[in-house]
Amino acid sequence: MMTIARVELDVPIPGPFDYAIGDAAVVVGALVAVPFGRRRQVGVVTALAETSAIDRSRLKCIERVLPIEPLTADTLALAAFCAEYYRHPLGQVLSIMLPTMLRKPDYGKRMRAWEYRFSADASELEASIKPRATGQRRLLQALQNAEALDAVQARLIYAGAPRVLREWVDKGWIEKRAARSKSAASSKISSLGPAAPPELTDEQQQAVDAISNTLGSFAPWLLYGVTGSGKTEVYLSLIERVAASGRQTLLLVPEINLTPQLEARVQDRFPDLEIVSLHSGLAEGERLSRWQKARNGQAMIVLGTRLAVFTPLPRLGLVIVDEEHDASFKQAEGLRYHARDLAVYVAKSASVPVLLGSATPSLETYANAIEKRYRSTSLTLRPSAEAPTVEFIDVRKQILDHGLSAEALAAISDCIGRAEQCLVYINRRGFAPVLLCRACGWMAQCQRCSARLTLHSRSLKLKCHYCGHEERIQRACPDCGNQDLQGLGQGTQRVEEALRTRLADARVLRVDSDSTRRRNAFAEMRNQIRSEQVDVLVGTQMLAKGHDFPKLTLVVILGADYALYSSDYRAGERLFQQLMQVAGRAGRADLPGRVLVQTEFPSHPVYQALARQDFSAYAADLLAERRHSGFPPYVYQAVLRAEAHREDQMWSFLRDAASKAASLVDANVTVYDCVPAPIFRVAGRYRGQLLLQAGSRAAMRHFLARWHPMLITPKASPVRWIIDVDPVEL
Ligand code: ADP
Ligand code: ZN
Ligand code: ZN
């Protein structure tokens, strides 16, 4: 008799935890509400057993089984893989994978089968909704689109629905009655009919054919195609074939801002297919309902950011990772997974192809392709544009005007004169990265971090980009009293201001994470750009990715040189990727594009490769260098990162960990020295790290499986630490 359930919970202590089943109908994969300490929690049953090491009398009982289908063996296997590979507690991994609503012990308890419909004219209701009440507006729209709305759906649309609907019923605007059949309330997105696909070029057709031939089995593919070469069209053709055979496609994109336009493009092409997009910006209920659609096979296309890789897809036919090189596929905290790598794992377990697309593939993927572990196919031509010309402005002997050379300003002004658009790219936000006293050399420093404060002119504040600390700008130097403090270096705000004064008539728009913080701000800006209400864009890498602005013909790149000084061995690769991406924004339609790079090192290999738009030669050089000096992808890395308020505690934890690693004497793994993190102190905590390197993935996994358990610290330990497997930054 199975009377015990082993349950994984979202707690930092490794599970599983045993619970008595009682009379609940519990199966493996079920979500259950259980008491834990003084709280109640939702957990996942990972095994059933007959006996427990815990005494019967002390065993607590499962409180309820959540009214939702149990997780499948595939989902549990993915979670177990993640937990093992990334050295993260399984209960926490499961909790990250599940929509937040399913982590609530009372999920599904209070929903009753009511439905709501208009009882009278809706205009009064509409007028009562305040502009900021977007949840209420969504509810209203749903009522308008569907004939009736049931209580469950309403809650999914807006968490405050029960209260609002009650109010609307009281006012007599809507009425409530017992729900009829389910289908009455389902709404359908209307569409203008399918957009006709362009005829594929020979290259595109070859790629589609080759990849199609591998449908039905695991095959990793690199689709290497320059920006604008029509990779998305290849995806769409493949999605069509996969959907025609009744199978789902998972399409991952690096950035939340890219999902709406891609979603529109996909929906436009396939008006009859159900598409859901999943990303971290969704309301809880919305995420759950989309997740359910993916999970019951209703959604044929699931489009999302890295988190979407965890979506259970019973009829998966193809996985696509667009811009696969992008660092945002790697989660930077907690469970530090890499969605691209997990996408390959998911495809392998489902025996389907995985397509990694990029104009500048990661060196990991590129090496896999040239060494024939991955198949590859490439697009070398741009069907609707020429490659941009790249020129350099040597700024060594020039005096710059807020970071801008005379030549760059003239080119911008010409571009505006032709009624075309221009992008000034500078990958630093704020006004200036340093506030300096020229009299004594004092620089504004964050009190809590070993980092300088960035000057933000709009808000007249100094901000720390590491810990978020903000303070007012000092009037005088705190060391010598000098009143003439100066911002040194350039950020987006400074360039924006300079352009506004130099080009008085130009319409300048700044796009960075400060200016797009408000909800929907980015989408609005995008519309402004596309409808040509903007002449000059000043922006960070936010603008570099995948946006298609037909009138944009000139790209000016400022301040890229600083990446050449970085100590991170990946800096060159990253800079090249960024530059290629941003250069790819120029001249996508019938207008030729031009890229101007301001630099002190025009002959640096990274710039020369950019000028030739030659990824493969540059990648070959980088790979040779990586092989020679023993860096990934030729070795496998993990970093133990530790931090504590007291520096000595951090060091003693790391040194202890290092000596434990050494005690394991493993010839396949190199343990380096404990070193300070590149930003040594953040938010008052001292940070250090320990690098490990292995010749193979298997060797690293084996080593970590032995070493990790030795590190477990008591709950009250002052040291916080994490193992970052396959780090993308050191
Ligand atoms: P990528 O994803 O590689 O950046 P897209 O698929 O977005 O490229 O294509 C870039 C542009 O070229 C788009 O405007 C697209 O409509 C157009 N395009 C793509 N393939 C074709 C084709 N076969 N014929 C004509 N235009 C095409
Ligand atoms: Zn001073
Ligand atoms: Zn700080």
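Donors here are N, O and S atoms within 2.8 Å of the metal (3.2 Å for Na, K and Ca), and sites may look incomplete because water is not among the atoms. This is a predicted model, where local features need pLDDT of at least 70, side-chain atom pairs count only at pLDDT 80 or more, and totals for chains, interfaces and linings use all residues. Residues are numbered from 1 along each chain as its sequence is written, and side-chain values use heavy atoms, with hydrogens and water left out.

Take the zinc ion (ligand 2) to begin with: its donor residues are spaced C-x2-C-x36-C-x2-C in sequence. Because Cys 440 sits in the loop between β18 and β19 and Cys 480 in the loop between β21 and β22 (485–488), this pair ties together parts 40 residues apart in sequence. Strands are DSSP runs (E, at least two residues), numbered from the N terminus. The SG atoms of Cys 437, Cys 440, Cys 477 and Cys 480 lie 2.3 to 2.4 Å from the zinc ion (ligand 2). Angles of 103 to 114° among the 4 donor atoms make the site tetrahedral (for four donors, all angles between 85 and 135 degrees).

Are Cys 449 and Cys 464 buried or exposed? Both are buried (under 20% relative accessible area, with a 1.4 Å probe and protein chains only).

Note on methods
Chains are lettered from A and ligands numbered from 1 in the order in which they are written. Buried means under 20% relative accessible area, exposed over 50%, partly exposed in between (1.4 Å probe, protein chains only). Four donors count as tetrahedral if all angles lie between 85 and 135 degrees; four count as square planar and six as octahedral if opposite donors are over 155 degrees apart and all others between 65 and 115; anything else is irregular. Helices (H or I, at least four residues) and strands (E, at least two) are DSSP runs, numbered from the N terminus.
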